[in-house]
Amino acid sequence: MMGFLRRTFGRRSMRRYQAPDERDGRGRGAAGGGGAGGGGGIAALQAHQQQFIHTPVVVSGGAVVHIPAAGNSKSAITCRVLLLDGTDVNVDLPKKAKGQELFDQILYQLDLIESDYFGLQFMDPEQVSHWLDVTKPIKKQIKIGPPYTLHFRIKFYSSEPNNLHEEFTRYLFVLQLRQDILSGKLKCPYDVAVELAAFCLQSELGDCDPSDHSPELVSEFRFAPKQSEAMEMDIFQRWKDCRGKSPAQAELCFLNKCKWLEMYGVDMHFVKGRDGCEYALGLTPTGILVFEGANKIGLFFWPKITRMDFKKSKLTLVVVEDDDQGREQEHTFVFRLDSAKACKHLWKCAVEHHAFFRLRQPAHSKTGRNDFVRLGSRFRFSGRTEYQATHGGRLRRKSTFERRPSKRYPSRRQSMVKAHNPAKAAHLSVQTNPDPSVYPYKQNIPTSHEQWHAAHIPLSSHLPHPGHSGGMRLPHPEELTARGSPTSKEPDSRLILEQNRKNSRTVTSVIYQDSVMTTL
């Protein structure tokens with residue numbers, strides 16, 4: 001049956017049912033580089049799906065916000081929601097509150113209008129991720145807690161980012177995609193990764209000024225899982241070409257580049273076939289992709305899927321495809337999952353993707369039975385479709401928001417110096433940190449906020465640095481004895497500091513009263 005799948009969903013068959021713009025997009029994605037190609041297998045793909053447990057941080061400065069419950073706090077539950085910009089929101093709700101109440105609180109906190117693309121995701125005890133159902137009570141869905149921890153994420157990746165009306169919505173998409181790229185979930189070719197990183201720098205820092213900026217500055221950011229020094233040089237050169245773009249323009253360029261990536265917006269689920277081999281089903285706006293290991297072997301288009309059933313841990317797909325004579329034939333594919341809960345979760349996600357991307361409006365009737373949804377479950381897609389979101393959304397004249405700065409790391413030069421020559425690294429950082437072993441580097445905290453502490457180092461352990469000026473003379477131990485004890489008021493330390501400044505313009509270590517003092 002999988003051999004039939006490889007033959008049936010070949011390039012000619014796939015192009016037959018695609019619109020011209022979809023064919024062009026798929027061609028660009030394939031030419032852009034093998035997002036799913038290359039080794040790794042199912043194990044690597046499974047690791048990508050679980051990335052939101054250890055979501056990489058791309059921005060800094062997220063605040064902690066608490067939204068108290070109205071009324072009696074004793075009968076409330078606490079939900080902790082982690083937003084894309086690093087904000088940690090704690091919401092107190094009534095015990096019987098449904099998911100919609102929590103989602104509305106988060107939307108109010110964000111002041112987000114285009115909410116149809118987003119959702120709240122949580123993890124069950126079996127480490128399977130689920131989307132919070134806004135129609136059901138929170139306590140009945142999440143078994144870990146209180147507090148109940150959820151992540152605010154993109155649920156449906158827009159098939160056309162240009163249709164996103166608000167700048168803030170596009171900014172949230174950029175944050176999500178940066179996390180996907182940095183975690184390895186969204187793979188992209190080298191040249192695309194360089195261009196995306198340049199757009200991020202343009203959005204955050206503005207135009208590149210070679211007199212003030214350098215590739216060493218680029219090394220303080222994290223854009224790709226395997227970011228090298230050569231890549232940072234290419235990012236710097238590409239950043240120069242982005243001159244003149246505003247933050248909003250740079251972010252829109254970022255999204256328009258990402259949408260052509262082969263794995264853009266693919267919701268991956270892992271199954272086993274009848275042959276016992278492991279496969280992955282990826283839900284997309286076009287249909288359901290089929291992966292064998294990390295290689296894409298087929299695509300079930302939504303119009304060709306006539307039925308999708310599940311029973312316990314078994315998922316059944318009935319697909320119609322033309323044979324060589326042009327006659328339609330039905331083919332049945334059966335997949336198994338690890339548990340009945342995982343199987344139902346996959347089915348629900350497929351129903352939501354089909355409704356959001358294929359329908360103009362969801363079917364709200366409970367009595368009628370949709371041919372696509374033929375199961376005993378009463379679950380129905382309750383949100384709005386992409387068509388409704390792009391054509392019927394209410395617009396605002398203007399919305400203001402704050403872009404969070406990216407998380408910064410020690411530059412590559414500082415890291416290399418520290419790795420190869422710890423003594424020299426300590427000397428280079430002596431201006432802001434006299435003793436690195438006692439006062440370690442504090443990330444994202446300005447050095448002006450840190451107090452200077454004199455380090456008491458024995459005389460015998462201190463050697464003059466070869467770069468120090470030859471005009472500086474180390475005092476003889478007898479001179480130190482003659483000058484008195486540390487509690488003595490003479491000589492005046494200000495005179496010594498003044499003499500140090502006159503003698504050398506470089507960083508100079510001077511021993512005074514058994515202490516190492518650093519001056520400029």
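Helices α8 and α11 are roughly antiparallel to each other, a label given to angles over 145 degrees. The model is a predicted one, in which local features need pLDDT of at least 70 and side-chain atom pairs count only at pLDDT 80 or more, while totals for chains, interfaces and linings use all residues. Residues are numbered from 1 along each chain as its sequence is written, and side-chain values use heavy atoms, with hydrogens and water left out.

Two packed helices are described by the angle between their axes and the distance between the axes. Here the axes of α8 (residues 190-205) and α11 (residues 247-258) come within 8 Å and cross at roughly 160°, where axes are lines fitted to C-alpha atoms over the stretch in contact and angles run from 0 to 180 degrees between N-to-C directions. The crossing is left-handed, meaning that the near helix is turned anticlockwise from the far one by less than a right angle. On the α8 side the contact (heavy atoms within 4.5 Å) is made by residues including Val192, Leu196 and Phe199, and on the α11 side by residues including Ala250, Phe254 and Lys257. By class, this contact has 9 nonpolar, 2 polar and 3 charged residues.

Turning to the whole protein, the secondary structure comes to 17 helices and 15 strands, which are DSSP runs (H or I of at least four residues for helices, E of at least two for strands) numbered from the N terminus. Of its 520 residues, 44% count as buried, that is, under 20% relative accessible area with a 1.4 Å probe and protein chains only, whereas exposed means over 50% and partly exposed lies in between.

Leaving aside residues up to four places away in sequence, Leu150 touches residues including Val81, Leu102, Phe122 and Ile142.

Most residues other than glycine have a negative phi. Lys312, in the loop between β11 (305-311) and β12 (314-322), has a positive phi of about 55°, and Lys312 is exposed, with a relative accessible area of 66%.

Note on methods. Angles under 35 degrees count as roughly parallel, over 145 as roughly antiparallel, 65 to 115 as roughly perpendicular and the rest as oblique. Ala, Val, Leu, Ile, Met, Phe, Trp, Tyr, Cys and Pro count as nonpolar, Asp, Glu, Lys and Arg as charged, and the others, Gly among them, as polar.
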